[in-house]
Structures are given as structure tokens and as C-alpha cells.
Amino acid sequence: MAIAAPSSQSQPSPLVDGLGRRISYLRISVTDRCDLRCRYCMAERMQFLPRDQVLSLEEIALLADLFIARGITKIRLTGGEPLVRRDIGELVRRIGRHLGSGLDELTLTTNATRLDSHAQDLFDAGVRRVNVSLDSRDPARFADVTRGGDIGRVFAGLDAARAAGLAVKINMVALKGINDDEILPMLRWCDSQGFDLSLIETMPLGDTGEDRTDHYLPLTQVIDDIAAEHPLAPITHRTGGPSRYHAVDGMRVRLGLITPLTRNFCADCNRIRMTCEGKIFMCLGHEDHVDFKAALREGGLDAVQPLVDRALRLKPAAHDFHIGANAPAATRRHMSVTGG
Ligand code: SAM
Ligand code: SF4
């Protein structure tokens, strides 16, 4: 079905929420599907959306156009696993056309299992950096955390990214009793590979069939252990997201910390998220959202514009995550639905 383009070319207002925060960063979850089942992210038997409920390539691209016109300068494609979506290459090319004219950066978060066959196309479409999730470099442990993943695929993807000229940041969720002994080796390995590293605290999003309390590892503790071996110094480097970076003495790797539990970063949040169903969530940790899909399908982009302003008013001051015995998940949605 053809979708009506906006009828007016008048200069749209920039995206500023009710607390004066300027929104410039859009994360789009292009699919809720994934070829892995990371223990902290998904349940083993996840129910995925029927395909007709998922936005088409054309619909995602039109909504991206609208957001760029409203002042979004950075887009991250994520999921689920973005590279399992069949038309991902075309979507990246389509959004990539805005680079240099409104859009400053188009990037991707991936588990890298299919990156070997996509890296060059991503680069050719204007992508310059990717985040790759890797919680363990040990094949058996990786298979355990991801419930069956083949780490060889990830290493092949990383090689292809390097060959294509993509900068890589590794995302590692810090998990007590699972990969805490691998954090320092991962930092040294990233340094040797020319990658950056961000450590992430596990967030209580959706039911995974497992108790997150058992494996929650506050990064305040981790950072002290790292600093005892390699002195750290905070640096101003930013990539537009929630990572706060440190220089590591004697190394070129930048160490990012994503600390939703121990150090809330909401005061300067610049992000909104769109699910593959066209729902706009203003915060990862809240259920409030605005649904664009029906409006887009029935009234085209003109019907969506007022919804953007409604969404802005919904952005809460902060998330309120708790992990502990009997603490319920902050949302029923998994991270893979909203897009990490
Ligand atoms: N499949 C891609 C990947 O794994 O990189 C993209 C989607 S994944 C949901 C994005 C990021 O969210 C990954 O780095 C993953 O480790 C992280 N993540 C998923 N669930 C999380 C949770 N409950 N708490 C913290 N990080 C989570
Ligand atoms: Fe898939 Fe990424 Fe979630 Fe792992 S973290 S299950 S790779 S969406």
C-alpha cells in the first residue's frame, strides 16, 4: 500500500521533551527476531511477532525520513538481531542517503553472527562504526550464555568488519559468576584488536525465565578491580549514547561504562526508540508509548506528525530499575523489542 507523503514542507519544530531535553538520537529495532537467545535478554522459547505486524522497509524508511526532518542526527539500527532481517541491506542504503544532509551518523548494534556477509555493504552505505555484543570469548561459555551460539561466526564477523574499515566497539554485559573473570582479559584483548569496550549492567527488562539477581554485577565494583591493575582516567569522549568513557593507562582502548543501575544517566538522555511494530518508546524502562503504525497506514506521514509531539510529552524524567529478590521486571517488554 502506498503511504501518503507529508503535505506541507514548512520547517518542522525540533524535538525537545517536556523537561527541555533535546532529542537527537533514534534507535530503531528493525526486528524482534534473533538467531541467539542470550540468557539476560530473551526467554528460551520467545514468541515473536507475526510478520504482518512488523513495519515494512518502506514504512521504516519513511518514519526515519520524518525523524531526520525533525532533527534526529544519529540513528542506530538494532533489534532483536538487525542482520537477520532480509531487507536490512536495502534499509541501510535507504537511510544512509541522508548522511551528510541532516543525518550525522548511521550505526548498528549486532551480535555479529552474520556480519561477515554484511560488513562491506554496511561500509559502502555509509556506516563507519558498529557495536558488537560479546559477553565471552570462550566458545563453551559463549554457547552457554547465548543458548547455542557459535563464537566462530562472531570472530568471522569481526574480521570482516576490520577488513571493511568499520570501527568496532565490543558490548559486554557484566554477569556475576558467568563472565566476571573475563572482564580484564576482554579489556586487554580489545586493546590488542583496536576495539573499544563498553561494559553494561544487566537491566530488568522482560521475563527471561531466569533470575537476574543471581548474575547482577554492579560496575562500581568492577571498575575498582580494573583500576587496581590499570589506572583509569575519565575522558570526555562521547558516542551519543549512555556510555561514559575512561582512558586506560598504557592502552589505547577506551573503556565505556553503561550503568543504568548504579549511576543513572537519564538527566541528559537524548534518545528515543522505535520498535519494529512502529511503537515509539521514550524510555527503555517505561511502558508508555505512542503507536505510529495505524496512523501511518491510515493517514500517511501527516497523521504521524502530531503523534511525535504527543510522544515527546511522554518522556519521563528517569527510569527506575531495581534488581533484587522479588523485584519485578521494570517492563514486560524484552530489550530485544525496544532495541538495545
Ligand atoms: N542482537 C544485537 C546484539 O546483541 O548486539 C542487538 C540487540 S541487543 C538487545 C542490544 C544490546 O542490548 C546488546 O549489547 C545486549 O547485550 C544488550 N542487552 C540485552 N538485554 C539486556 C538486559 N536485560 N540488560 C542489559 N543489556 C541487555
Ligand atoms: Fe539476540 Fe542481541 Fe538479545 Fe542476544 S542480546 S538474544 S543477540 S537480541
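In this predicted model, a polar atom in the side chain of serine 133 sits 2.5 Å from an oxygen atom of ligand 1. On its own the ligand has 540 Å² of accessible area, and the protein covers 96% of it.

**Around the ligand**

- Strands β3 (105–110), β5 (167–174) and β6 (196–201) are the elements that each give two or more residues to the shell around ligand 1.
- There are 19 residues around ligand 1, and those that come nearest are Tyr40, Gly80, Glu81, Ser133 and Met203.
- By type, the shell consists of 6 nonpolar, 10 polar and 3 charged residues.

**The sheet**

- Twelve strands form an open sheet with mixed pairing, in the order β7-β8-β9-β6-β5-β4-β3-β2-β1-β10-β11-β12.
- At the edges you will find β7 (232–234) and β12 (289–291), each of which pairs on one side only.
- From one strand to the next, the twist averages 25°.

- Strands β6 and β9 (residues 254–258) run parallel and are joined by 4 bridges.
- Serine 198 has glycine 256, in β9, as its bridge partner.
- Helix α6 (residues 183–193) packs on the sheet and touches β5, β6, β8 (244–248) and β9.
- The direction of helix α6 makes about 180° with that of β5.

Key:
Residues are numbered from 1 along each chain as its sequence is written. Chains are lettered from A and ligands numbered from 1 in the order in which they are written. This is a predicted model: local features need pLDDT of at least 70, side-chain atom pairs count only at pLDDT 80 or more; totals for chains, interfaces and linings use all residues. Side-chain values use heavy atoms; hydrogens and water are left out. A residue is near a molecule or strand if one of its heavy atoms lies within 4 Å of it. A polar contact is a pair of N or O atoms within 3.5 Å; within protein, one must be able to donate a hydrogen and the other to accept it, and residues adjacent in sequence count only if both atoms are side-chain atoms. Accessible areas come from the Shrake-Rupley method with a 1.4 Å probe; for residues, only the protein chains shown count as cover. Ala, Val, Leu, Ile, Met, Phe, Trp, Tyr, Cys and Pro count as nonpolar, Asp, Glu, Lys and Arg as charged, and the others, Gly among them, as polar. Two strands pair if DSSP finds at least two bridges between them. Axes are lines fitted to C-alpha atoms, for helices over the stretch in contact, and angles run from 0 to 180 degrees between N-to-C directions. Contact means heavy atoms within 4.5 Å.
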